[in-house]
Amino acid sequence: MANNSRLFQAEGLDWDHQDHKDWKDKWDPRNLLFYEALAAWEWSDEREFRPYATGDTLRLGWEVDKISRKDYLMEKPRFSKSCNNLSLYSGNHIGFLGGICEPTDVPGILIWDCLKTDWLHSKAYPTRLIYNPHDSAKQVTLNLTHPTDLYDLVTGQFIARGAETGYRVKLAADQVTVLVILPANAMAKYIDGQLLVNEVVVDYHPQRNR
């Protein structure tokens, strides 16, 4: 999702893969404005280019002349200089995305805050998801504010005790880890099949991977 969202802004898309390249080059060179839609193909009958940043205004004729499929590519040099399929509301969700993820010291690997938008969750410790999309193992450096224990919800195991900032998590290719950041040397106990630390549930199903 983080990788594909940039395409709504036309980041990395050439003239053939968006409706208003000429207008954006002149008025929006930093790609701050969003297209309304990201389509699998452009709207023409030829269906030559994919993915394609576009919208509904031109193809449906909302307060502009409607452009048919057969004329779409022929008309494009004209409407590429307009901004009809760009909008402000299409990009207002980007704040949510920016609020729940952050980059790491490894390009292409993000850290996701699993609780950031879960406003009604029960009391919980900070929980972070990290996924390695690369085809080789990578090590990600954690920025920790104090010594912590790290519990992996995927494996159901503690992976570190008393870890400090700079601790490096090793991820195999295509591996994901969901880390719960706990107080260092905290006492863990099992009650009714659940793992608790200081009376807070850490793992509801700790036996699943044992």
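This report walks through the strands, nonpolar cores and a surface patch of a predicted model.

A few ground rules come before the details. Residues are numbered from 1 along each chain as its sequence is written, and side-chain values use heavy atoms, with hydrogens and water left out. Because the model is predicted, local features need pLDDT of at least 70 and side-chain atom pairs count only at pLDDT 80 or more, while totals for chains, interfaces and linings use all residues.

**Strand pairing**

Helices (H or I, at least four residues) and strands (E, at least two) are DSSP runs, numbered from the N terminus. Two strands pair if DSSP finds at least two bridges between them.

| β7 and β12 | antiparallel | 5 bridges | Arg128 with Leu179 |

β12 is mostly covered, with 6 of its 8 residues buried; buried means under 20% relative accessible area, exposed over 50%, and partly exposed in between (1.4 Å probe, protein chains only). The hairpin of β13 and β14 has 2 residues between the strands, and Asp192 there takes a positive phi near 50°.

**Inside**

A nonpolar core is a set of buried Ala, Val, Leu, Ile, Met, Phe, Trp, Tyr and Cys residues joined through side-chain atoms within 4.5 Å. The largest one has 14 residues, and Ile130, Val140, Leu142 and Leu150 touch the most other members. β10 (157-163), β11 (168-171) and β12 (176-183) each supply at least two residues of this core. Apart from it lies another core of 9 residues, including Tyr125, Tyr151, Leu195 and Val200.

Leu142 has contacts (heavy atoms within 4.5 Å) beyond four places in sequence with Ile111, Ile130, Leu150, Thr165, Gly166, Tyr167, Val169 and Leu179.

Over in helix α1 (residues 2-8) sits Ser5. Ser5 counts as buried because its relative accessible area is 8%. Leaving aside neighbours within four places in sequence, Ser5 is in contact with Phe34, Ile94 and Leu97.

**Outside**

Nonpolar side chains tend to be buried together in soluble globular proteins. Still, Phe96, Trp119 and Leu120 form a nonpolar patch on the surface, with about 480 Å² of accessible area together. That area comes from the Shrake-Rupley method with a 1.4 Å probe. Patch residues have over 30% relative accessible area and no salt bridge, and nonpolar side chains are joined within 5 Å. A salt bridge is a side-chain nitrogen of Lys or Arg within 4 Å of a carboxyl oxygen of Asp or Glu. Leu120 is in the loop between β6 (110-113) and β7 (127-131), and counts as exposed because its relative accessibility is 84%.

Technical notes: Patches are made of residues with over 30% relative accessible area and no salt bridge: like charges are joined within 9 Å, nonpolar side chains (Val, Leu, Ile, Met, Phe, Trp, Tyr) within 5 Å.
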